[in-house]
Amino acid sequence: MSALLQLSRGTLVTSWAPLIVMLALLLLAPFVLSDFRLGLLGKFLTFAILALALNLIWGYAGMLSLGHGVFFGLGGYAMGMFMKLEGTGGKLPDFMFWSGLEELPFFIAPFKYAWFALPMVFILPAAVAGGLGYLVFRSRITGVYFALITQALSLIVSILFIGQQPYTGGTNGITNYSTLFGYQVFSPGTQLTLYFITVIALAVVYLVLRLVVNSRSGRIMIAMRDDENRVRFMGYDPAILKTIAFAASGGIAGIAGALFVPQVGIISPSSMGILQSIEIAVWVAVGGRGTLAGPIIGAVLVNAAKSGLSESFPVIWQFFLGGLFIGAVLLFPAGIMGLFRGELSRERFTRPLTRIRELKQQGIGGVVRQWTTTSFR
Amino acid sequence: MEVWALQLFNGLSLSSILLLIALGLALSFGLMNVINLAHGEFIMLGAYTVYALQQAAMALTGDVSSSVTFIMAIPLSFVVAGAVGMLVEAGLIRFLYQRPLDTLLATVGVGIFLQQLARSIFGAPNVQVVAPWWLTGGLELTDGLVLPIKRLFIIALVLVCIAGLYWYMYRSSEGRRTRAVMQNREMAASLGVSTRRVDNLTFALGSGLAGLAGCGLTLIGPIGPSLGTFYIVDAFIVVILGGLGQIPGTILAALIIGILNTVFEFGTTAVVGKVLVFAMVILFLQWRPNGLVRVRGR
């Protein structure tokens with residue numbers, strides 16, 4: 001609580017007021033929007049949680065993961081399996097029966113219990129992220145390499161889920177749910193409740209992340225992003241810190257997936273594929289990486305544009321998406337939040353000039369230092 | 001015995017395609033620290049160049065499987081993909097050299113754009129390129145072992161490319177400049193090497209190699225707008241395994257990945273094979289984090 005107070009000191013109006021307004025708007029939305037629109041908004045908000053998760057590892061720890069679709073999907077599959085088994089009363093679901101299975105596999109059977117399935121929504125993706133992350137970070141793999149490895153992860157897991165039809169439902173995924181904790185999943189009342197749960201989950205994730213990034217460990221994480229070696233020399237172990245951040249990020253993505261499934265009614269390998277995983281990065285980039293409100297704004301705006309454009313003009317949507325990727329990094333590297341803070345892209349283009357000016361000010365020592373650091377790289 | 005020999009041969013043929021794709025990636029990564037996620041779409045560009053040329057030839061002469069068209073298509077696929085690569089480098093990537101992760105995202109955008117462009121021009125369904133007559137059939141080594149000529153041709157094409165790349169990098173003055181910039185960018189620049197030109201040419205060269213790979217792929221099966229995505233992740237794994245943009249490491253890694261993929265796929269299923277290869281690469285990196293061939297730092 002003292003941390004919260006400390007955070008809000010002096011910045012109360014500027015930093016908390018927009019958030020409270022945003023939260024109020026989200027809570028009032030059900031009274032304005034139609035059921036259909038509200039369902040869409042609920043879906044976008046689960047994407048916003050997913051974007052916050054990616055932003056933790058990319059925006060703050062500096063590691064771009066192109067595999068967050070996998071963690072989202074794992075959480076979604078855990079939730080989907082739970083709902084499916086509730087619908088069948090713990091008996092064999094239809095898609096398993098069609099694929100020739102006769103009884104529930106031992107590793108799927110526990111998902112019929114809420115006390116197992118609901119924690120698994122977080123634990124399963126966090127464990128996969130933590131395991132892969134530990135191996136990768138331990139061998140000091142960073143930057144582009146990490147992005148490529150996580151991209152391979154999303155390819156492999158998605159084809160694995162397509163291939164294992166008896167256990168995962170193959171390409172179609174898991175769908176046709178009936179009830180959730182005894183309530184009809186697709187009744188307006190349940191959907192409204194799910195919407196509110198999503199808003200609350202988003203608010204909680206936001207607050208927790210805000211505490212984390214402003215905490216001591218959060219500062220170390222940011223320091224690690226900016227200069228990993230220096231953090232290592234100070235006695236911290238970047239591998240462990242990154243592993244924890246990546247696992248937490250994966251777990252949060254899993255929660256987003258679990259909230260997505262009952263609102264949309266399906267989880268399939270296409271949610272975990274390469275393109276889906278990369279799109280998450282664009283939501284974050286459009287909103288503004290390394291900020292907490294940015295990813296939320298980005299996820300909602302990009303997906304609203306997507307559902308608006310792709311329904312009526314699928315071709316234009318693809319070109320627009322391509323342009324969005326390019327524009328977001330080339331023209332607006334700081335995203336929408338950057339516009340608010342006045343960090344326009346001009347600075348990016350003029351940076352080499354300022355660099356030379358800095359070196360001139362530092363004199364010959366600066367030039368030598370610059371040379372030695374780049375050639376020892 | 002024959003079955004295994006054929007598997008090994010198929011592995012080699014996959015390796016050679018992967019190598020052609022991965023060399024382009026490794027070159028631009030070694031030189032500029034950027035990874036081009038649109039690289040797969042340059043493969044697709046090369047493949048559609050062959051298809052478009054063949055369609056044009058058919059409209060003009062009525063002969064679909066003309067040898068002349070196919071032979072003309074080989075350099076053309078290199079030139080088309082290379083030219084688009086040059087444009088992408090000059091118009092986009094050069095602004096992002098300080099930010100490798102951003103390059104990754106921007107090139108994804110280029111890839112999505114090119115894929116949709118191909119879909120708009122050539123249609124979403126796959127199309128088939130007709131191979132000239134002298135590439136059909138097989139070379140019969142023993143009774144049970146017949147090597148398809150097409151795959152032999154691809155391996156030969158790749159060998160020629162590697163020889164050409166070797167000549168370019170180690171025998172031409174342009175290549176000497178490229179290696180100088182790879183070793184020490186600032187020093188090369190201060191000695192008068194135009195690093196802008198080197199970056200641009202090398203990126204175009206890498207894209208052109210991907211175009212050639214696409215040209216080779218038209219012989220193996222039908223081609224479609226998302227052709228590149230089937231191969232690109234494997235090519236990334238080759239680059240990761242091979243080490244920091246090193247050509248010898250890339251060659252070795254492509255051989256290993258191609259053969260392992262085919263052997264695992266034969267022993268189990270395609271999916272399990274991919275999972276096994278991925279797991280092995282991750283474990284290998286525990287032992288040698290910098291890949292197969294390490295650059296010796298000063």
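## Charged residues in chain A

A:Asp226 is exposed, at 54% relative accessible area. Accessibility classes use a 1.4 Å probe and protein chains only: buried is under 20% relative accessible area, exposed is over 50%, and partly exposed lies in between. The model is predicted: local features need pLDDT of at least 70, side-chain atom pairs count only at pLDDT 80 or more, and totals for chains, interfaces and linings use all residues. Residues are numbered from 1 along each chain as its sequence is written, chains are lettered from A and ligands numbered from 1 in the order in which they are written, and side-chain values use heavy atoms, leaving out hydrogens and water.

A:Asp226 forms a salt bridge with A:Arg225, with the closest N and O atoms 3.1 Å apart. The term salt bridge requires a side-chain nitrogen of Lys or Arg within 4 Å of a carboxyl oxygen of Asp or Glu. A:Arg225 is partly exposed, at 35% relative accessibility. A second pair joins A:Arg230 to A:Asp227, at 3.7 Å from N to O. A:Arg230 is exposed, at 56%. A:Asp227 is partly exposed, at 32%. Shared partners also link A:Glu228, A:Arg232 and A:Lys242 into one salt-bridge network. Over all chains, the search finds 13 salt bridges.

## Chain A overall

Chain A holds 17 helices and four strands. Both are DSSP runs numbered from the N terminus: helices are H or I with at least four residues, strands are E with at least two. Of its 377 residues, 50% are buried. Contacts here mean heavy atoms within 4.5 Å. Among the contacts of chain A with a separation of 6 or more, 77% join residues 24 or more positions apart.

A:Ile280 sits in helix H13 of chain A, residues 274-287. A:Ile280 counts as buried because its relative accessibility is 0%. Beyond its neighbours within four places in sequence, A:Ile280 contacts A:Leu50, A:Ala51, A:Leu54, A:His68 and A:Gly69. A:Gly80 lies 200 residues from A:Ile280 along the chain, and their C-alpha atoms are 21 Å apart.

## The nonpolar core

The largest nonpolar core has 203 residues. Such a core is a set of buried Ala, Val, Leu, Ile, Met, Phe, Trp, Tyr and Cys residues joined through side-chain atoms within 4.5 Å. Those with the most contacts inside this core are A:Trp58, B:Leu37, B:Leu104 and B:Phe278. Helix H3 of chain A, residues 35-60, gives the most to the core: 17 residues.

A:Trp58 has contacts in both chains. In chain A, leaving aside neighbours within four places in sequence, these are A:Met63, A:Leu64, A:Ala281, A:Val284, A:Ala285 and A:Arg289. In chain B they are B:Leu101, B:Asp102 and B:Leu105.

## The interface of chain B and chain A

The contact takes 45 residues from chain A and 42 residues from chain B. The area buried between the two chains is about 4,100 Å², and carbon and sulfur atoms give 78% of it. Buried area is the accessible area, with a 1.4 Å probe, that two parts lose on being put together, summed over both. In chain B, the residues that lose the most area to chain A are B:Leu101, B:Leu105 and B:Ile112, together 16% of what that side buries.

The rule finds one salt bridge across this interface. A:Arg289 pairs with B:Asp102 in a salt bridge, the closest N and O atoms being 2.7 Å apart. Four helices of chain B each supply at least two residues to the side that touches chain A: H4 (100-122), H7 (185-190), H9 (227-242) and H11 (270-287). H4(B) gives the largest share, 14 residues. By class, this side of chain B has 29 nonpolar, eight polar and five charged residues. Ala, Val, Leu, Ile, Met, Phe, Trp, Tyr, Cys and Pro count as nonpolar, Asp, Glu, Lys and Arg as charged, and the others, Gly among them, as polar.

## Inside chain B

B:Asp102 also meets B:Arg99 in a salt bridge, at 2.8 Å from N to O. Both B:Asp102 and B:Arg99 are buried.

B:Thr202 is found in helix H8 of chain B, residues 195-220. Is B:Thr202 buried or exposed? B:Thr202 is buried, with a relative accessible area of 1%. Not counting residues up to four places away in sequence, B:Thr202 touches B:Leu27, B:Leu31 and B:Thr178.
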